[in-house]
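The sequence and the structure come first, and the explanation follows.

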Amino acid sequence: MKVEIYADVLCPWCYIGKRRMSAALEQVTDRENVQIVWRGFELAPEEGRVPGPTAAEAMAGWWGDQAPARIALIQALGAAEGLELNLHLARPVSTFDAHRLCHLAAARGRADQVMERLLRGVPHQS
């Protein structure tokens with residue numbers, strides 16, 4: 001079975017979804033017959049390469065007074081999946097190059113690992 005996932009590395013919902021997909025795949029007995037294909041989707045193609053406002057600040061602009069509750073929901077759902085989503089620290093930028101990197105990783109059978117690192121936003125440590 002082939003599963004194609006459209007995701008952007010700046011999206012906390014995509015990170016939550018990746019964790020849920022990974023948990024679901026652990027329940028599959030013939031996991032070797034499941035192929036995950038990561039497809040890039042830029043949520044904000046107009047973003048530049050220089051970080052601007054934090055994700056939480058951007059969300060406050062989108063959602064106004066509802067922002068704190070919606071951010072808390074995202075963080076709570078992330079925490080339920082073992083994720084610490086620091087939206088008050090994250091500074092979204094263009095993800096075009098991140099998608100290119102994931103494409104390169106896919107050609108080497110490492111797309112899932114690279115997506116995890118990109119979603120987490122932490123550089124590789126040897």
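Where is glutamate 116 found? Glutamate 116 lies in helix H5. The model is a predicted one, and the values below are computed from it.

Is glutamate 116 buried or exposed? Its relative accessibility is 12%, and the limit for a buried residue is under 20%, so glutamate 116 counts as buried. Apart from neighbours within four places in sequence, glutamate 116 is in contact with Tyr15, Lys18 and Arg19. Helix H5 covers residues 111-120, and its buried residues are Ala111, Val114, Met115, Glu116 and Leu119. These buried residues of H5 pack against strand S1 (2-7), H1, strand S2 (35-40) and helix H4 (96-107). Just after H5 comes glycine 121, with a positive phi of about 75°.

Helix H1 is one of the elements that H5 packs against. It runs over residues 12-26 and contains glycine 17.

The next stop is helix H2, which spans residues 55-63 and holds glutamate 57. Glutamate 57 has a relative accessible area of 48% and is therefore partly exposed, since exposed means over 50%. Histidine 88 is 31 residues from glutamate 57 in sequence, and the C-alpha to C-alpha distance between them is 7.3 Å.

How many aromatic pairs does the count give? The count comes to 1 aromatic pair. The rings of tryptophan 62 and tryptophan 63 have centres 5.7 Å apart and planes at 75°, so the pair is edge-to-face; the angle that this class requires is over 60 degrees. Tryptophan 62 has a relative accessible area of 59%, so this residue is exposed.

Between helix H3 (67-80) and H4 there is a loop, and valine 93 is found in it. Valine 93 counts as partly exposed at 26% relative accessibility. Not counting residues up to four places away in sequence, valine 93 touches Leu10, Glu47, Gly48, Arg49, Val50 and Pro51. By contrast, serine 22 is 71 residues from valine 93 along the chain, and their C-alpha atoms are separated by 26 Å.

The elements can now be put in order. The protein chain has 5 helices and 2 strands, and along the sequence they follow the pattern β-α-β-α-α-α-α. The radius of gyration is 15 Å, close to the 14 Å that the globule rule gives for 126 residues, so the chain is as compact as a globular protein of that length. Along the principal axes, the C-alpha trace spans about 45 × 30 × 30 Å.

What share of the contacts with a separation of 6 or more comes from residues 24 or more positions apart? In the protein chain, such residues account for 76% of those contacts. Of the 126 residues, 30% count as buried. The chain exposes about 8300 Å², of which carbon and sulfur atoms supply 55%.

Conventions: Residues numbered from 1 in each chain as written. Predicted model: local features only at pLDDT ≥ 70, side-chain atom pairs only at ≥ 80, totals over all residues. Heavy atoms only, no water. Helix = DSSP H or I, 4+ residues; strand = E, 2+ residues; numbered from the N terminus. Rg over C-alpha atoms; globule rule 2.2 N^0.38 Å. Buried < 20%, exposed > 50% of the residue type's maximum accessible area, 1.4 Å probe, protein only. Contact = heavy atoms within 4.5 Å. Areas by Shrake-Rupley, 256 points an atom, 1.4 Å probe, with all protein chains shown as cover. Phe/Tyr/Trp six-rings, centres within 6.5 Å; stacked < 30°, edge-to-face > 60°.
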